[in-house]
Amino acid sequence: MGQFSHDDVAAMRMAFGCNADTALTIANASRHSFAPRGKRLWPEPGHNETVLLLAGRAHELAFGRNGGQVVVH
C-alpha cells in the first residue's frame, strides 16, 4: 500500500467521510512525515498544505488580531 498502512487509510476514510477508493486516492496524493514535539503543523510559510494527524496529539494555539493568545476548548 505504499507509505500508509491500512489503519492510516481507514483514518482518512473516517476523517473525510469517503469510500475506500477515494481514501486510496487521497493517500496516493499525500506524503507521510513525522513532526517533532513543538512543531508548528500549519501554516508553514510558503507551503500550501493541509495536515491530517494520524497518530499522536496536537494542541491548538491561536492568536487574536492584537497578538494575544486565544484559548481554544
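## Overall make-up

A contact here means heavy atoms within 4.5 Å. Of the contacts in this protein between residues at least 6 apart in sequence, 34% join residues at least 24 apart. The structure is a predicted model.

Two helices and two strands form the secondary structure. Read from the N terminus, their order is α-α-β-β. The protein has 73 residues, of which 10% are buried.

## Packing of the two helices

The packing of two helices is described by the angle between their axes and the distance between the axes. Helix α1 covers residues 6–16 and helix α2 covers residues 20–28. Their axes lie 9 Å apart, and the packing angle is about 110 degrees. Angles of 65 to 115 degrees count as roughly perpendicular, so α1 and α2 are roughly perpendicular to each other.

On the α1 side, the contact is made by V9, M12, R13 and F16. On the α2 side, A20, A23, L24, I26 and A27 take part. Sorted by class, the contact of α1 with α2 has eight nonpolar residues, one charged residue and no polar residues.

In soluble globular proteins, nonpolar side chains tend to be buried together. The largest nonpolar core of this model has six residues: F4, V9, M12, C18, A23 and A27. Helices α1 and α2 are the elements that give two or more residues to this core.

## The loop between α2 and β1

E49 lies in the loop that runs between α2 and β1, the latter being residues 62–63. The relative accessibility of E49 is 30%, so this residue counts as partly exposed. S30 is 19 residues from E49 along the chain, and the C-alpha atoms of the two are separated by 9.9 Å.

G56 is also placed in the loop between α2 and β1. Exposed means over 50% relative accessible area; G56 has 68% relative accessibility and therefore counts as exposed. Between G56 and R37, which are 19 residues apart along the chain, the C-alpha separation is 9.9 Å.

Definitions and conventions
Residues are numbered from 1 along each chain as its sequence is written. This is a predicted model: local features need pLDDT of at least 70, side-chain atom pairs count only at pLDDT 80 or more; totals for chains, interfaces and linings use all residues. Side-chain values use heavy atoms; hydrogens and water are left out. Helices (H or I, at least four residues) and strands (E, at least two) are DSSP runs, numbered from the N terminus. Buried means under 20% relative accessible area, exposed over 50%, partly exposed in between (1.4 Å probe, protein chains only). Axes are lines fitted to C-alpha atoms, for helices over the stretch in contact, and angles run from 0 to 180 degrees between N-to-C directions. Angles under 35 degrees count as roughly parallel, over 145 as roughly antiparallel, 65 to 115 as roughly perpendicular and the rest as oblique. Ala, Val, Leu, Ile, Met, Phe, Trp, Tyr, Cys and Pro count as nonpolar, Asp, Glu, Lys and Arg as charged, and the others, Gly among them, as polar. A nonpolar core is a set of buried Ala, Val, Leu, Ile, Met, Phe, Trp, Tyr and Cys residues joined through side-chain atoms within 4.5 Å.
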